[in-house]
Amino acid sequence: MSSVSVKSSRLQAVLSELALGNAELSHKNFAEKLGQLIDLSGSIALAESLRGLQKLEFTPATSDVSALKSSFLTSRAEMLAFILNSFISELHEGQDSSAPFILPRANAETLADPEAGFQAYQRFYNLHQSQLDHRVLVLRRQLQEALAGQSPQLAQLAELDRSLADKLGDYTRKVFASIPRLLAQRFYYLNRQYRAVQEAQRSAADDTGLTLALEPKLMSDSPALWMQKGAWLDNFFTEMQGLLLAELELRLMPVMGLLEALEVEVETQK
């Protein structure tokens, strides 16, 4: 399994491409920056955890690395498919239209009142985040348990990962919670841009004396038009899907790191 660096995070790249984030990632003064993310009580608890690593009791246990890797790949594929399938706008026979992960349908309010129109898509994104958070947490705990029984060194790594995940949990949740708010700004921008173009076209039609009968496509407006390939709402859906896929990749990085450490240890022991 190839390693993935935080610097190459697709989420960072997507946010930058959409002009939704402009923070420059730097590894300078890493310890100082990490300390700023943990409050005093958390710092004390983390220090206690680090001191206790050397005293950690090790209980050997057998782990099927191939099965763990297969479980990881299967879960990742299922999460990817879950995201992709939720963006299918046309319901298939037997598909539950009331399911919470079905892409909300656009209506007149989507354009007329952007804040109200975005609420349905914010709920949609938040539901996906909750689902990803739960499934990735299950995978992470599985790997932590496997590492704990593989060797004293990996047992320490598993305990360190638990401590960091616990102490940085609030910060991590805040970071992911900020994505829907950033996405809202993108929705508003595309919405304003589309309305400005429509208004300019109507003004031009009035100036040249064009009538609705002569230019029906120019003067009409409907959600169906917004969903055409390359239209404003279609572009927004594509960008929202890209953010979810990139967020999944970032959430899986700690799990991938644990799995790689386990694979290296098993290879070393052969």
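Reader: Which residues does tyrosine 121 touch, leaving aside its neighbours within four places in sequence?

Author: Tyrosine 121 is in contact with Leu103, Pro104, Arg105, Ala106, Thr110, Phe187, Leu233, Phe236, Phe237 and Met240. Contact here means heavy atoms within 4.5 Å. Keep in mind that this is a predicted model.

Reader: What makes Tyr121 stand out in the largest nonpolar core?

Author: Its contacts with other members. The core has 47 residues, and Tyr121, Phe236 and Met240 touch the most other members. Helices α4, α6, α7, α8 and α11 each supply at least two residues of this core. The largest share, 17 residues, comes from α11.

Reader: Where does α11 bend, and which residue follows within four places?

Author: The bend, about 40°, is at methionine 253. Proline 254 follows.

Reader: Why is the pair of glutamate 263 and lysine 69 called a salt bridge?

Author: Their side chains meet at 3.4 Å, N to O. The cut-off is 4 Å, so the pair qualifies. Side chains of opposite charge can pair when their charged atoms come close. This pair links distant parts of the chain: glutamate 263 is in α11 and lysine 69 in α4, 194 residues apart.

Reader: Are these two partners buried or exposed?

Author: Glutamate 263 has a relative accessible area of 18%. Buried means under 20%, so glutamate 263 is buried. Lysine 69 stands at 27%. That value lies between 20% and 50%, so lysine 69 counts as partly exposed.

Reader: What makes glutamate 239 and arginine 186 a salt bridge?

Author: Their closest N and O atoms are 2.9 Å apart. That is within 4 Å, so the pair counts. Glutamate 239 lies in α11 and arginine 186 in α8, so the pair ties together parts that are 53 residues apart in sequence. Both glutamate 239 and arginine 186 are buried.

Reader: How do you know that arginine 251 and glutamate 247 are separated by about one helical turn?

Author: Both are in α11, four residues apart. Arginine 251 has a relative accessible area of 10%. Glutamate 247 has 0%. Under 20% means buried, so arginine 251 is buried, and so is glutamate 247.

Reader: Which residues are joined into one network with Arg251?

Author: Asp133 and Glu247 are joined with Arg251 through salt bridges that share partners.

Reader: How many salt bridges does the structure hold?

Author: Eight.

Reader: Why is alanine 165 called partly exposed?

Author: Its relative accessibility is 30%.

Reader: How far is alanine 165 from leucine 137, in sequence and in space?

Author: The two residues are 28 residues apart in sequence. In space, alanine 165 and leucine 137 are 9.9 Å apart, C-alpha to C-alpha.

Technical notes
Residues numbered from 1 in each chain as written. Predicted model: local features only at pLDDT ≥ 70, side-chain atom pairs only at ≥ 80, totals over all residues. Heavy atoms only, no water. Bend = angle between axes of the 7 residues up to and from the residue. Core = buried A, V, L, I, M, F, W, Y, C linked by side-chain atoms within 4.5 Å. Buried < 20%, exposed > 50% of the residue type's maximum accessible area, 1.4 Å probe, protein only.
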